[in-house]
Amino acid sequence: MENFPVINYEKLNGEERKSTMDKIKDACENWGFFELVNHGIPHDMMDTVERLTKEHYRKCMEQRFKEVVASKGLEAVQSEVIDMDWESTFHLKHLPQSNIFEIPDLSDEYRKVMKEFALKLEKLAEDLLDLLCENLGLEKGYLKKTFYGSSGLPTFGTKVANYPPCPKPDLVKGLRAHTDAGGIILLFQDDKVSGLQLLKDGKWIDVPPMRHSIVVNLGDQLEVITNGKYKSVEHRVIAQTDGTRMSIASFYNPGSDAVIYPAPELLEREEDDKKHMYPKFVFEDYMKLYAALKFHAKEPRFEAFKAPNNVNLGPIAAV
Ligand SMILES: [Fe+2]
């Protein structure tokens with residue numbers, strides 16, 4: 001089996017730049033996922049984020065999770081649960097506006113480090129988008145600009161999740177299979193407790209835990225903008241019977257009123273039959289549809305925006 005792509009980010013600054021860019025290109029075209037090491041985010045900052053996330057889970061989330069599990073009888077299920085995930089989560093918003101001071105139960109130290117960590121991730125996401133532009137032959141800054149709505153800002157947020165030990169991981173998924181709706185996703189995952197899997201060539205493949213790495217994956221919006229050159233890839237989380245898995249996923253997405261469509265420069269290079277594969281829509285309209293259909297295949301979502309007389313065409317026509 002091919003190896004899961006691991007990119008040594010540092011090598012972009014040296015003799016191995018070309019081969020590293022090629023590796024990123026191959027990962028984007030064939031995996032929709034890659035793992036970054038030596039990405040420049042300080043390891044001690046990541047250690048603090050991990051320590052405080054785990055501490056916060058134990059102090060503020062664990063008991064609540066156990067109560068939910070008990071009230072739904074999830075430990076005793078006999079058949080597959082298809083409408084719930086075995087996860088404990090909370091969400092932070094960073095851009096266009098931060099909500100970090102509105103989230104209850106976070107210590108000052110935790111808020112501070114999450115803010116600093118988010119700034120580093122935002123910069124890394126933007127640098128990665130430019131690397132993708134370079135590999136795609138698009139002007140530097142194109143993807144970033146495409147993501148800016150009228151506010152000139154992306155939507156950037158973090159889902160902090162823990163996947164506690166699950167007695168029946170085959171019947172209750174940590175997180176059911178889906179593709180991510182947005183742009184580029186940067187994940188700081190547990191380095192000991194595995195569980196994230198992606199679907200490649202019809203097989204579920206583990207995304208290997210690796211200390212201090214950042215896992216990167218591409219969302220539906222990049223698939224549309226690249227006209228399918230890069231695809232969002234289905235993934236899921238299998239909770240483990242042993243150990244709690246930490247997952248801190250940050251989503252660098254378009255601004256809510258950003259208009260998303262295949263890059264004209266890429267379409268020019270396509271054969272005629274590939275020029276109408278993807279629709280044009282306003283990102284928040286896509287998100288409304290996604291909210292209802294997250295755990296369904298992405299294709300009907302794209303099709304819904306292609307359909308004539310679609311109600312969602314209104315705002316697009318006005319842009
Ligand atoms: Fe996801």
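This is a predicted model: local features need pLDDT of at least 70, side-chain atom pairs count only at pLDDT 80 or more; totals for chains, interfaces and linings use all residues.

1. The buried residues of α2 are Met46, Val49 and Thr53.

2. The pairing of the two helices deserves a careful look: α2 spans residues 43-72 and α3 spans residues 108-136, and they pack at an angle of about 135 degrees with their axes 10 Å apart. Because of that angle, α2 counts as oblique to α3, and the crossing in which α2 passes α3 is left-handed.

3. On the α2 side, the contact is made by Met45, Thr48, Val49, Leu52 and His56, while α3 contributes Glu109, Tyr110, Val113, Met114, Glu116 and Phe117. By residue class, the contact of α2 with α3 divides into seven nonpolar, two polar and two charged residues. Val49 is both a member of this contact and one of the buried residues of α2.

4. Just after α2, Gly73 takes a positive phi of about 65 degrees.

5. Elsewhere, Asp22 lies in helix α1, which covers residues 17-30. Is Asp22 buried or exposed? Asp22 counts as exposed, because it has 12 C-beta neighbours inside 10 Å, and a residue is taken as exposed at 12 or fewer. Its C-alpha atom is separated by 29 Å from that of Val259, a residue 237 positions away along the chain.

Definitions and conventions: Residues are numbered from 1 along each chain as its sequence is written. Axes are lines fitted to C-alpha atoms, for helices over the stretch in contact, and angles run from 0 to 180 degrees between N-to-C directions. Helices (H or I, at least four residues) and strands (E, at least two) are DSSP runs, numbered from the N terminus. Angles under 35 degrees count as roughly parallel, over 145 as roughly antiparallel, 65 to 115 as roughly perpendicular and the rest as oblique. A crossing is left-handed if the near helix is turned anticlockwise from the far one by less than a right angle, and right-handed if clockwise. Two residues are in contact if their C-beta atoms, placed from the backbone, lie within 7 Å. Ala, Val, Leu, Ile, Met, Phe, Trp, Tyr, Cys and Pro count as nonpolar, Asp, Glu, Lys and Arg as charged, and the others, Gly among them, as polar. A residue is buried if 20 or more other C-beta atoms lie within 10 Å of its own, exposed if 12 or fewer, and partly exposed in between; C-beta atoms are placed from the backbone.
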